[in-house]
Amino acid sequence: MAGQRLWFALALGLLLLTAALLAWQWMRAPLDPAVVTGSVTATGVPQIGGAFELTDQNGRVRRDTDFRGRYMLVYFGYTYCPDVCPTTLLAMSRALELLAETAPESRGRVVPLFITIDPERDTVEAMAAYAPSFHPDLVALTGTAEQIGAAAKAYRVYYAKVEDESAADYLMDHSSYIFLMGPDGAYVTHFSHLDSAEKIAEALARRLSP
Ligand code: NI
């Protein structure tokens with residue numbers, strides 16, 4: 001009889017201890033910043049970027065692997081864009097000029113890329129005429145509809161033709177982010193078209209400081 005009671009007391013004690021431990025874990029988990037940050041990092045790292053094979057404004061085939069060892073600033077847009085694309089490309093170009101002034105040793109480690117999402121009109125010739133308005137180093141890339149589709153899909157970039165009967169020229173609806181990709185080709189961060197050249201330059205200088 002005494003042995004049975006002892007076992008019962010031990011089992012009950014173990015049960016209560018387990019319940020207390022579970023309650024404690026449940027209460028402290030959401031308050032622990034390490035746990036919260038950890039779960040965000042684990043699930044929140046965006047799978048952005050990947051392989052592409054396109055043609056630059058000089059008619060040369062360029063692949064993502066050509067840029068390994070350097071950071072890539074990648075922007076998707078189109079030359080007929082009336083406002084957002086030219087504004088963003090100007091900010092990107094100005095950011096590189098600022099970087100050249102404030103951190104000249106870092107400037108050569110960043111390549112600016114402009115990928116069209118309107119290959120129908122953005123031929124190699126159109127890209128060659130457009131790119132020099134922004135930055136001498138800008139690599140302006142076009143390709144077949146399939147090649148552009150694959151590149152945009154890798155970067156999770158949305159684009160669609162806007163049909164407007166009254167307009168002579170069509171517009172393109174598209175997402176507008178500047179992606180910063182690391183020397184290994186992996187996603188580092190991104191900027192929006194609302195970010196200033198100064199903000200982008202500061203972020204680049206921080207990231208590239210030796
Ligand atoms: Ni645009």
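# Nickel site, sheet and core

Biologist: What spacing do the donors of the nickel ion follow along the chain?
Modeller: They are spaced C-x3-C-x88-H. Donors here are N, O and S atoms within 2.8 Å of the metal (3.2 Å for Na, K and Ca), and sites may look incomplete because water is not among the atoms. Please note that this is a predicted model: local features need pLDDT of at least 70, side-chain atom pairs count only at pLDDT 80 or more, and totals for chains, interfaces and linings use all residues. Residues are numbered from 1 along each chain as its sequence is written, and side-chain values use heavy atoms, with hydrogens and water left out.

Biologist: Which protein atoms are the donors of the nickel ion?
Modeller: Cys81 (SG), Cys85 (SG) and His174 (NE2) lie 2.1 to 2.3 Å from the ion. Cysteine 81 sits in the loop between β3 and α3, and histidine 174 in strand β7 (residues 171-174), so this pair, 93 residues apart, links distant parts of the chain. Helices (H or I, at least four residues) and strands (E, at least two) are DSSP runs, numbered from the N terminus.

Biologist: Is cysteine 81 buried or exposed?
Modeller: Cysteine 81 is buried, as is histidine 174. Buried means under 20% relative accessible area, exposed over 50%, and partly exposed in between, with a 1.4 Å probe and protein chains only.

Biologist: Now the sheet. In what order do the strands stand?
Modeller: The open sheet has 5 strands in the order β5-β4-β3-β8-β9, with mixed pairing. β5 and β9 (187-192) are at the edges with a single partner strand each, so one side of each has no neighbour in the sheet. Two strands pair if DSSP finds at least two bridges between them.

Biologist: Which strands does α3 lie across?
Modeller: α3 lies across β3, β4 and β8, at about 165° to β3. Axes are lines fitted to C-alpha atoms, for helices over the stretch in contact, with angles from 0 to 180 degrees between N-to-C directions.

Biologist: And the largest nonpolar core: which residues touch the most other members?
Modeller: Leu73, Phe76 and Tyr155 do, out of 53 residues. The largest share, 7 residues, comes from α3. A nonpolar core is a set of buried Ala, Val, Leu, Ile, Met, Phe, Trp, Tyr and Cys residues joined through side-chain atoms within 4.5 Å.

Biologist: What is leucine 73 in contact with?
Modeller: Leaving aside neighbours within four places in sequence, its contacts include Met92, Leu96, Ile178, Phe191 and Leu204. Contact means heavy atoms within 4.5 Å.

Biologist: Finally, which residues of helix α6 are buried?
Modeller: In α6 (residues 145-154), they are Ile148, Ala151, Ala152 and Ala154. They cover an arc of only 160° around the axis, which puts them on the same side of α6. The arc is that of the directions from the helix axis to the C-beta atoms. These buried residues pack against β1 (53-55), β3 (71-77), β4 (110-116) and β6 (159-162).

Biologist: What does the face of α6 turned away from its buried side carry?
Modeller: That face carries the exposed residues Glu146 and Lys153.
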